[in-house]
Amino acid sequence: MSTHIKNVVRQINQKLSEQISSKHVISFITPGGLVGQQTLIANLALMYGTAGKKTLIIDTDFSRNIFPNVFDVSSKYGLADYISSPSVELSDVIQSVPGRDVSFVSSGNASNEDVKYLLGDPRFNELIEQVKNKYTYVLINTPTFVGDVALLDSVCNLSEGIIFVLQLKKISKRNVYKLMETVKRNSNNKILGYVNLED
C-alpha cells in the first residue's frame, strides 16, 4: 500500500471514528472512474479486519468484477446473481478473505440491460438489512457516476454515510459539483466528506 493510500485510509478512519455510533453502511462514490477507489476500499476493509472489526465489501459496479482478483478469492456468484435469482442465497455470495476478518460480495454476472434495474430491486434492500447488523462496517463500492440519478439514489438511500473519492486535478469541477448536488438533494445529512487520491 502506498504512503498516500495509507494516509487516506487513516483520514477516513478518523472521520468515521467521530461518528461510529451511527455510521456503519458507507458508500464510496466517484465521478471519475477511479480504479483507486477499489484499492482504497480494500485497504480500509483490511485495516478494520486487522483491528477485529468485521467488515463486508459490497461491489455494485457491475461493469467490472474486481474484488475476487484483489483478494485472490474466487467467486462463482455475486450481487447480480443474488438479486436476479431467488435460488441464490446470501451465503452463496459472501466470500471470506482467508486469515482476515473481511468478506466481500462481488458484483457478479449481469447483462448490460439488467444493470439499471438491479439496485432498485427489493432483494438488494433485503441484503443490506441482513448484513448491516452482522458486520461492524459494510463498505459499498459504487460505479462511476455518469448522471444516472436513480441508480445513485438507490445506493444512497440505503447508506448511513457517503464518502466522495476524487482526483481533484483530473476531474472537472463541473462534474464534482454535479455529483455533490445530486447526492445533497436526498442525502445531504449522510455526507461524511471527500478524499483526494492524488499523491
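1. R123 sits over the face of Y82, 3.9 Å from the ring centre. K54 is placed over the face of Y135, at 5.0 Å from the ring centre. A charge counts as over a ring if NZ of Lys or CZ of Arg is within 6 Å of the ring centre and within 35 degrees of the ring normal.

2. This is a predicted model, in which local features need pLDDT of at least 70 and side-chain atom pairs count only at pLDDT 80 or more, while totals for chains, interfaces and linings use all residues. Residues are numbered from 1 along each chain as its sequence is written, and side-chain values use heavy atoms, with hydrogens and water left out.

3. F67 and F71 belong to one aromatic cluster together with F104.

4. F67 and F71 are four residues apart in helix α3 (residues 67–71), which separates them by about one helical turn. Helices (H or I, at least four residues) and strands (E, at least two) are DSSP runs, numbered from the N terminus. F67 is buried, with a relative accessible area of 0%, and F71 is buried at 11%. Buried means under 20% relative accessible area, exposed over 50%, and partly exposed in between, with a 1.4 Å probe and protein chains only.

5. What joins the side chains of D59 and N141? A polar contact of 2.8 Å does. Such a contact is a pair of N or O atoms within 3.5 Å; within protein, one must be able to donate a hydrogen and the other to accept it, and residues adjacent in sequence count only if both atoms are side-chain atoms. A polar atom of the D59 side chain also lies 3.0 Å from the backbone nitrogen of D61.

6. S27 is located in strand β1 (residues 25–29) and is buried, with a relative accessible area of 0%. The side chains of S27 and S159 make a polar contact of 2.5 Å.

Terms used: Phe/Tyr/Trp six-rings, centres within 6.5 Å; stacked < 30°, edge-to-face > 60°.
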